[in-house]
Amino acid sequence: MTDQTQALQEQITAAYANKTACRIEGGNSKHFIGNPSAGEQVSTKNHTGIISYDASELVLTARSGTTLKEISAALAVNNQSLPFEPPAFSEHATIGGTIACNLSGPARAYSGAARDFVLGTRIINGKGEVLQFGGQVMKNVAGYDASRLMAGAYGTLGLLLEVSLKILPKAQTEITIKSQQSADAAINIINQLAGKYLPISASCYFDEHLYIRLNSSQQNCEAASQMICQQITAQPIESSAELWQQILEQQHVFFDTDQPVARISLPATSQHIAITGEQLIEWGGALRWLKTDQPIEQLRQTVQALGGHVSAYKNYPADTEYFQPLASGISILHKGLKNAFDPAGILNPGRLYKEL
Amino acid sequence: MSTTNTQQQLINAFSTVLPADAVLYNAEDLHPYECDGLSAFRQIPLMVVLPETVEQVQSIIKTCHQLQVPVIARGAGTGLSGGALPLSTGVLLSLAKFKQILDIDPLARTARVQPGVRNLAISEAVKSHGLYYAPDPSSQIACTIGGNVAENSGGVHCLKYGLTVHNILKLDIVTIDGELHSIGSDALDSPGYDLLALMTGSEGMLGVIVEVTVKLLPIPQQAKVIMASFDDVYKAGNAVASIISAGIIPAGLEMMDKLAIKAAEDFIHANYPLDAEAILLCELDGTEIEVNEMIPLAEKVLRDNGATETRLAKDDIERAKFWQGRKSAFPAVGRMSPDYYCMDGTIPKSELGNVLQQIADLSKEYNLPVANVFHAGDGNMHPLILYDANIEGELERTEEFGAKILEACVQAGGTITGEHGVGVEKIDSMCVQFKSAELSQFHAIKKAFDPDTLLNPGKAVPTLHRCAELGAMHVHDGKLPHPELPRF
Ligand SMILES: Cc1cc2nc3c(=O)[nH]c(=O)nc-3n(C[C@H](O)[C@H](O)[C@H](O)COP(=O)(O)OP(=O)(O)OC[C@H]3O[C@@H](n4cnc5c(N)ncnc54)[C@H](O)[C@@H]3O)c2cc1C
């Protein structure tokens, strides 16, 4: 447990003075997400430690370099967890990197995203100033919500020093049921079910099967499972935890490929996108992974028309714009915000968009 | 340019896009707009406009931008921090005519609504689909969804179901250049910065919200409420922490102290125990199985923490009654005193007893009674200071008292506002909560959206100059005058 605030601040202050780019890095487990960004390495790896955690407050504050592994272990002692179920992709994954990428796992559609659980942050902006936003309480509307703004900013607005997160108790039991369905039927079923008060905590569709995870008390899970199984011809599976772990960490065979994988974010009820290539559907239909050789520009057009967006998730040519380009008015607001936090443009330049 | 000149120019410009009755500038027409729910602050605006199309809003804002006239958006005017307080030199832009629910998609569980739609009207409109909109401010029969987004409003059910920011998907906003932007999306995320989060709670200072897509949730099969009485507010505070530690997340967990209980009981006759020092209302919802499992557990935790009585509402009628007392607590307190001043600090739950004690001490010191009623589950306190504005100096003393409560909240590791916003009311307390670099960062964010500071100027974020003058902060040499005060 060490506090590297001063050293990190000195590094960024010097970079600001010299106008040199900084490449912020935690456990380097998310290096493949976003555009490549050049610059001098600024590492949060040694800025570690859980600063405070009180189970009855449902709040944990940790330095950005603290590993997800350490945090999960601390929470598990009190039977609590990070409700957004972040993927780690490596045992070195840090909480800072997780929040900077706004990464959430299978529970996303039902519990919320990483950003939803951010209560406060302490950051260093591009001028080397240490700033504290939000706090360690559940509700806080003093000032603009600069904390949540950090989630998904990929370090382009500030280096995260600390994050305070809302946590929740873990459910007692988990049951997963499996049902053979067409993609369109599966999308319809899972959305219909989400409109009922049921303990659904994740869903996934691949290989012509819909998987639904239930998390609650034993009795409640069993009742829900029976109710759903009657409605759609489904059965509980044996290896529930293993399945979701594979989906979460992308160790599932689907992700074991050299083909480009597109991450498609869509309104959950959108019909199955009929593009050749294997698909894996998560988040009640709102997240679709597609293996495709179709040029990304074309795919982006199709998906945008449906109200969604596409990231060039992996195996795309190096010069591909990683995230879907922004509308011009929104892009101007982005540049304004970047300039507000990082006027010299030294923090992870280009990682999110080439112009930021 | 003189005010009358500007007014005439505005009238001329607006008359080409708005019907005559949508442009108000005569004194008697302007009066209803002079304040919001914080009536201690009043100001007649230069004029009021009541557009009903997005194009009209764009055109109004473009004109104001051109003439460099401030624009203040207003929903229902129920805000409690003076966020919609007009400026004598500004145009008050009322969204009152934007009342349409544009689309309900039961399968996707979303509704697309105009900003002037009342909070409760959304839940009423989607009820037949078994759905509802979760954030439920006590003002929900009157306040608008646009105002809710601008304040990131919360309510009794936010502990379990989240605040406004957690329950919206997409916004259409008009920025000060008159441009229309769509932020967020019907999907679960969008590329780029989280502008949706930034807009939420921005108090009308970054853009005017002209459309909101909200998330809808399935109505729980069952909800039950336990009312627990305590002979000591400390014990009630500890019970709150114990409930959460037991792994229970109630749908609502609210506390009222003796004075608030009395006020509500006199007003609503909810059958509250008048001899209790505090009551907790603990609502558990979910499937029938879940609720039946949790009720005995919660009752046990409450009794273990010294509840002198726990009463389970026997049916939905009694349950509604218990809640009605709580939801009417503000007006109920209003009947006891000519005026009341509602604070909104939020603290870690473990500090509840401590801060309540400080408030009680301050109440003696200022000789002003306080009723406490609040969202205990998330530590969001609403001390209501009772005062009489007709007694000379009493408002000023009340404000000073209120500011001290907020300082106590900050010292306890909390914040000056949990859900009502900063507005004009708490602007000086912002100097206590934030350092100058942080305030400067807020100003820089504002500039990225509104370089000429025309949208709701002077609200929410104090100038460094103001903080310096207040003596709350020395900006000259970077040293703080109260180094003993914890700041983050
Ligand atoms: C009795 C009572 C109980 C209350 N209980 C609660 C509660 O439990 N929880 C809670 O959170 N609040 C509560 N409030 C406060 C208030 O109701 C909320 O802040 C509400 O969201 C304000 O909505 P409004 O439509 O009245 O907004 P207004 O008061 O009109 O405006 C509030 C702010 O939002 C801005 N604004 C309004 N509309 C727009 C728009 N379309 N675009 C951009 N900016 C806009 C205004 O400029 C202003 O800054 C209560 C108020 C009262 C009087």
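Q: What covers the buried residues of α9(B)?
A: This is a predicted model, in which local features need pLDDT of at least 70, side-chain atom pairs count only at pLDDT 80 or more, and totals for chains, interfaces and linings use all residues. The cover of the buried residues of α9(B) includes β13 (252-257), β14, α11 (316-327), α12 (329-334) and β17 (370-374) of chain B; helices (H or I, at least four residues) and strands (E, at least two) are DSSP runs numbered from the N terminus. Residues are numbered from 1 along each chain as its sequence is written, chains are lettered from A in the order in which they are written, and side-chain values use heavy atoms, with hydrogens and water left out.

Q: And which residues of α9 in chain B are the buried ones?
A: In α9 (residues 258-268) they are A260(B), I261(B), A263(B), A264(B), E265(B) and I268(B), where buried means under 20% relative accessible area with a 1.4 Å probe, protein chains only.

Q: What follows α9(B)?
A: H269(B) comes after α9(B), and its phi is positive, near 55 degrees.

Q: Switching to the whole chain, how many helices and strands does chain B have?
A: Chain B has 17 helices and 18 strands. Its radius of gyration is 23 Å, close to the 23 Å that the globule rule gives for 488 residues, so chain B is as compact as a globular protein of that length; the radius is taken over C-alpha atoms, and the rule is 2.2 Å times the number of residues to the power 0.38. Of the 488 residues of chain B, 60% count as buried.

Q: Now the interface: how many residues of chain B are in contact with chain A?
A: 85 residues of chain B are in contact with 70 residues of chain A, contact meaning heavy atoms within 4.5 Å.

Q: How much area do chain B and chain A bury between them?
A: The two chains bury about 6200 Å², with 62% of it on carbon and sulfur atoms; buried area is the accessible area (1.4 Å probe) that two parts lose on being put together, summed over both. L188(B), Y193(B) and Q441(B) supply 14% of the area that chain B buries against chain A, more than any other three residues.

Q: How many salt bridges does the rule find across the interface of chain B and chain A?
A: The rule finds four, a salt bridge being a side-chain nitrogen of Lys or Arg within 4 Å of a carboxyl oxygen of Asp or Glu. One of them joins D194(B) and R115(A), with the closest N and O atoms 2.7 Å apart.

Definitions and conventions
Buried < 20%, exposed > 50% of the residue type's maximum accessible area, 1.4 Å probe, protein only.
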